[in-house]
Amino acid sequence: MITVKSSAIAHSNIALIKYWGRSLDHNPNLNIPSNDSVSMTKYGLTQSTHLQTHTTIDFSDAYQEDSAILEEKVLARRKMERILKVVDPLRKYANIDCKFKMMSRNDFPTQAGLASSASGFAALAIAAANALGIDFTKEEISTFARLGSGSATRSIQGGFVRWKKGNSHETSFAEQICDPHKFNMNAVIAIVHEGKKDVTSDVGHESAHTSPFNEVRILKSQQQAKDIQKAILDDDFCKVGRIAEESSKYMHAVMMTSNPPLFYWHPSTLRLVRSIQEMRKRGMKCYFTVDAGPNVHCLCRPEDRYELQKMLGRIEYIKKIIPVKPADDSYVTKEHLF
Ligand code: DP6
């Protein structure tokens, strides 16, 4: 009987240069983006969450069918299809055709407005490749994580990561541009709304091209990716913050002007963005970035984090704050979930 089991832990990431919209020149299933993106892989600094996913996968010819359990619930067909997008090509590559059982747990609530697909698909790709005995580089594994979720491409590695858009499955991969200890940046995530987003990123990636501003955003993003990479390596926090804010605003401008339009911001998102601008005027070095949802990541230097946490903690409409620092690489663990 063949049975091969492996587990991995991966962290979520926050995009500083956003990925929004897939390249129209490729099969949409490959999730090849229109532009390069840059992110910080994040490690949650609270006792209850490190913003990580722990996944175990077991391939065995004892299983009659593929199955997956997320947070103690058996996954329905549609979610299972997404898992198969990552596992099937790896299974084919390894030339193994037995079925699998997968189990996955996040150390943060999946409905709390915190993206889980980046850490989830990164952990899945690492665990599956390792179980199947495939000796890939981190860059190669990132191409398989990408098939499940674009942002997962960047979660294979820690620190600061650039996903190069590339022009094929093999060339659209992520690489670390700076290790987690070399560029001093933290963030405080301000949850202003808990719950699932109304429109998934998947739908948004489809409609990005209908915005008249999308072409401009794509062009600008390539320059921003270059500029932010240099600013990270120069340890120029304010420049990183300014470019990250700009990228976030460009993405939301495209979202709002797409057909159908997408408004992810809540009134509290705008209130907080304005507060961050005010704090900055008063001398606090902090910048905002907002993903496909209403919650806000406030970027700061590590030495300013407590002060920022205190200030955000006093704002009544913020439901929860989670401080984060750059995480290390995702990794294989001997701790199995079953
Ligand atoms: C706004 O396709 O990675 O976070 O639907 O969660 O898999 P999921 O999203 P994904 O798109 C992420 C879009 C973004 C920006 C970014 O992370 O670059």
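Let's start with a contact: Asp-202 forms a salt bridge with Arg-22, and their closest N and O atoms are 2.4 Å apart. A salt bridge here is a side-chain nitrogen of Lys or Arg within 4 Å of a carboxyl oxygen of Asp or Glu. This pair links distant parts of the chain, 180 residues apart: Asp-202 sits in helix H4 (residues 201-207), while Arg-22 is in the loop between strand E2 (13-17) and strand E3 (37-44). Helices (H or I, at least four residues) and strands (E, at least two) are DSSP runs, numbered from the N terminus.

Keep in mind that this is a predicted model: local features need pLDDT of at least 70, side-chain atom pairs count only at pLDDT 80 or more, and totals for chains, interfaces and linings use all residues. Residues are numbered from 1 along each chain as its sequence is written, and side-chain values use heavy atoms, with hydrogens and water left out.

Back to our pair. Arg-22 is buried, with a relative accessible area of 8%, whereas Asp-202 is partly exposed at 45%. Buried means under 20% relative accessible area, exposed means over 50%, and partly exposed is in between (1.4 Å probe, protein chains only). Glu-206 joins in too, as Arg-22, Asp-202 and Glu-206 are linked in a network of salt bridges.

How many salt bridges are there by this rule? The count comes to 19. One of them is between Arg-91 and Asp-66, at 2.9 Å from N to O. Arg-91 belongs to helix H1 (residues 77-94) and Asp-66 to the loop between strand E4 (52-60) and strand E5 (67-70), so the pair links distant parts of the chain, 25 residues apart. Both of these residues are buried.

Asp-235 and Arg-301 also meet in a salt bridge, at 3.0 Å from N to O. Asp-235 lies in the loop between helix H5 (214-233) and helix H6 (237-256), and Arg-301 in the loop between strand E12 (296-300) and helix H8 (305-313), so the pair ties together parts that are 66 residues apart in sequence. Arg-301 counts as buried at 14% relative accessibility, and Asp-235 as partly exposed at 30%.

Asp-235 has something else to show in its backbone: its phi is near 55 degrees, a positive value in a residue other than glycine. Glu-71 is another such residue, with phi near 50 degrees. Look for Glu-71 in the loop between E5 and strand E6 (73-74), where it is partly exposed at 26%. For a cis peptide bond, go from Asn-259 to Pro-260, where omega is near 0 degrees; Pro-260 is found in the loop between H6 and helix H7 (267-281).

Now for the surface. Lys-73, Arg-78, Lys-79, Arg-82, Lys-85 and Lys-196 gather there in a patch of positive charge. Such patches are made of residues with over 30% relative accessible area and no salt bridge, with like charges joined within 9 Å. Which element gives the largest share of the positive patch? That is H1, with four residues.

Finally, the cysteines. A search of the whole structure finds zero disulfides, a disulfide being a pair of cysteine sulfur atoms within 2.5 Å. For Cys-238, the nearest cysteine sulfur is that of Cys-286, 9.8 Å away.

Conventions
Patches are made of residues with over 30% relative accessible area and no salt bridge: like charges are joined within 9 Å, nonpolar side chains (Val, Leu, Ile, Met, Phe, Trp, Tyr) within 5 Å. Accessible areas come from the Shrake-Rupley method with a 1.4 Å probe; for residues, only the protein chains shown count as cover. Lys and Arg count as positive and Asp and Glu as negative; His and the chain ends are not counted. The place of a charge is taken as NZ of Lys, CZ of Arg, CG of Asp or CD of Glu.
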